[in-house]
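I opened my notebook and wrote down what I wanted to look up today. Come along and check each entry with me.

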Amino acid sequence: MNLNALIKLAAFAKTVGPYVPRVRFLVQLLKQYNHALAKSYSSSGFKPVGKAGFVYIVRDRENGGLFKMGYRAKPPWLDAQLKRELGSRVEFKLNFPAKDAGTLEKQLRTVFGNPKRGEWFALDEIDRRTVQIIAAIVMVAARDTLGMAPIDEKDVELAKDLLKRLGQLAAAMAAKVAQTAAQADSDEAPIETAPDFEHISALPDFDWNWENVLTKNYRALPKLKGKDAYLTVICDNNAREGKVFIDDHPAKSIDAALTEQWQRIPLELTLIMKVDNRKKVRRALQSSADEQGENGWGSFSDEAMGEVKQAAGSFFYGFKPFLHPKTHWGLKTLASRSYRRLPKLSGKQGYVCVVQGSRRGNRYKIWRTQLPKDTGGLTGMAAQLNNPHDALHARNRVWFNCIIQADHAESFETFLKERYSRSRKRHYFYETGDWYTLTSSQLQDIRNLGR
């Protein structure tokens with residue numbers, strides 16, 4: 001995965017905040033921006049060309065919650081007839097120079113609908129802020145007020161930041177690597193002139209949203225369906241290597257990370273973002289093979305790691321997001337001798353046991369059950385363990401070497417089997433592949449997971 005692209009996308013999503021659902025509209029808006037029209041309106045020989053024109057939104061000063069929208073070929077704030085129609089009680093909140101004014105007005109009406117009192121309509125607080133930020137973007141791009149009402153300086157700074165990040169994002173996602181590299185040197189430079197709309201107009205259409213959902217109780221997040229997914233960034237305990245996972249729940253990504261990097265436990269949960277088009281996200285973040293290590297784990301620089309953490313920083317809520325098997329799967333190591341008294345569990349809970357047949361040795365089976373007590377018969381413990389010799393001939397059919405109670409037993413069992421896959425042995429044709437040759441130190445490591 002391309003970490004640089006991820007950093008830019010995550011930082012952009014954080015900056016936009018509650019306006020994330022309008023990212024796609026904002027990109028389309030900037031594609032409509034007509035820089036030549038914004039610069040030429042004041043010249044004596046100004047003549048609108050084709051469908052170009054100005055889309056305007058005015059606010060009723062007497063009833064500040066009501067707005068009206070329209071478009072004109074010539075600058076609306078200089079149109080005497082329009083001023084007479086609107087009267088003196090209105091102010092221009094937005095004058096947008098567009099390549100196709102009629103189309104953009106329809107788009108704006110769709111986004112800011114809710115008609116009220118004829119052509120006048122109401123806007124809620126978020127929509128009003130969105131209009132103001134769009135106006136600030138136009139002012140920054142045109143380096144002209146274009147007849148709009150004064151804009152708060154904070155919104156102007158936000159507009160500069162949004163344009164800067166969109167420019168970075170466009171460069172990161174551009175088809176030509178050379179163009180991306182050439183712009184990298186100027187990524188951090190402040191916007192002093194009109195932004196480079198050549199790159200912005202080349203941005204692909206967004207049809208996914210990004211929302212930071214990092215939380216201490218990540219298991220409480222709902223499982224997603226269809227195109228929706230969680231993008232999860234997990235690093236090793238030194239924050240030197242990391243991997244980007246995309247799955248329908250962060251717990252699955254953490255399962256995979258703990259399995260792949262069990263030598264480096266604990267791991268660090270760095271970022272969780274909800275996205276609504278996993279295929280496009282994968283394509284956007286895809287990098288060349290030489291940028292990835294084993295199983296997709298790649299090196300993270302201190303600077304890159306800091307930027308990812310900064311993008312998620314306000315969502316940490318004071319906790320250290322370290323991932324241990326004990327806390328992730330809810331483990332508790334139990335006394336093996338008392339297995340007959342253990343209650344039957346239900347749901348996702350269960351007992352993950354390391355058991356040994358009556359033929360003593362270093363051969364063990366990793367076995368998951370919700371009731372360790374032997375019920376006898378064809379469905380008894382020995383039959384479940386697939387050990388016919390013990391079932392038919394042995395007085396003491398199995399020996400428990402380790403019993404670990406788990407809140408999420410199935411995924412914990414999978415973790416253990418993957419962790420010790422190289423020790424898997426199958427001596428007889430009737431055995432399953434769940435028998436392992438384990439050393440005393442490996443057995444102790446398993447017991448320690450739930451302590």
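How many of the 7 residues of S2 are buried? I counted 5 of the 7, and S2 is mostly covered. Buried means under 20% relative accessible area, exposed means over 50%, and partly exposed lies in between, with a 1.4 Å probe and protein chains only. Helices (H or I, at least four residues) and strands (E, at least two) are DSSP runs, numbered from the N terminus.

**Ground rules**

I noted that this is a predicted model, where local features need pLDDT of at least 70, side-chain atom pairs count only at pLDDT 80 or more, and totals for chains, interfaces and linings use all residues. Residues are numbered from 1 along each chain as its sequence is written, and side-chain values use heavy atoms, with hydrogens and water left out.

**The whole chain**

I looked up the overall make-up and found 17 helices and 15 strands in the chain. Of its 451 residues, 49% count as buried. The accessible surface comes to about 22,900 Å², and carbon and sulfur atoms hold 48% of that surface. Such areas come from the Shrake-Rupley method with a 1.4 Å probe, and for residues only the protein chains shown count as cover.

Next I checked contacts (heavy atoms within 4.5 Å). Among those with a separation of 6 or more, 72% are between residues 24 or more positions apart.

**Strands around S2**

I went back to S2, which spans residues 66-72. S1 and S2 run antiparallel and are joined by 6 bridges; two strands pair if DSSP finds at least two bridges between them. A hairpin of 5 residues leads from S1 to S2. I found Val58 opposite Lys68 in S2.

S2 also runs antiparallel to strand S4 (residues 121-122), with 2 bridges. Here Phe67 stands opposite Phe121 in S4.

A reminder to myself: in a regular strand the side chains alternate between the two faces of the sheet.

**Salt bridges**

Side chains of opposite charge can pair when their charged atoms come close. For a salt bridge I need a side-chain nitrogen of Lys or Arg within 4 Å of a carboxyl oxygen of Asp or Glu. The structure holds 14 of them.

I started with Glu91 and Arg59, whose closest N and O atoms are 2.5 Å apart. Glu91 sits in strand S3 (residues 90-98) and Arg59 in strand S1 (residues 53-60), so this pair ties together parts 32 residues apart in sequence. Glu91 is buried, at 15% relative accessible area, whereas Arg59 is partly exposed at 22%.

Then I looked at Glu85 and Arg72, a salt bridge at 3.6 Å, N to O. This pair links distant parts of the chain, with Glu85 in helix H4 (residues 80-86) and Arg72 in strand S2, 13 residues apart. Glu85 is exposed, with 52% relative accessible area, and Arg72 is partly exposed at 23%.

Where do Glu157 and Lys160 lie? Both are in helix H7 (residues 153-172), 3 residues apart, which is about one turn of the helix. Glu157 is partly exposed at 41%, and Lys160 is partly exposed at 29%. I also noted a network in which salt bridges that share partners join Asp60, Glu62 and Arg89.

**Aromatic pairs**

My rule here: rings of Phe, Tyr and Trp (its six-membered ring) pair if their centres lie within 6.5 Å, and planes under 30 degrees apart count as stacked, over 60 as edge-to-face and the rest as tilted. I got 9 aromatic pairs.

Phe54 and Trp77 are edge-to-face, 5.4 Å centre to centre with 90 degrees between the planes. Phe54 is in strand S1 and Trp77 in the loop between S2 and H4, 23 residues apart. Phe54 is buried at 0%, and Trp77 is buried at 9%.

Why is the pair of Trp329 and Phe415 called tilted? The ring centres are 4.8 Å apart and the planes are at 35 degrees, so the pair counts as tilted. Trp329 is in helix H13 (residues 325-329) and Phe415 in helix H16 (residues 409-419), so parts 86 residues apart in sequence are tied together. Ring pairs also link Tyr41, Phe54 and Trp77 into a cluster.

**Confidence**

Last, I checked pLDDT, the predictor's confidence in each residue, from 0 to 100. The mean for the chain is 77, and 69% of its residues reach 70 or more. Over residues 175-195 the pLDDT is below 50. Where pLDDT is low, the predicted coordinates should not be read in detail.
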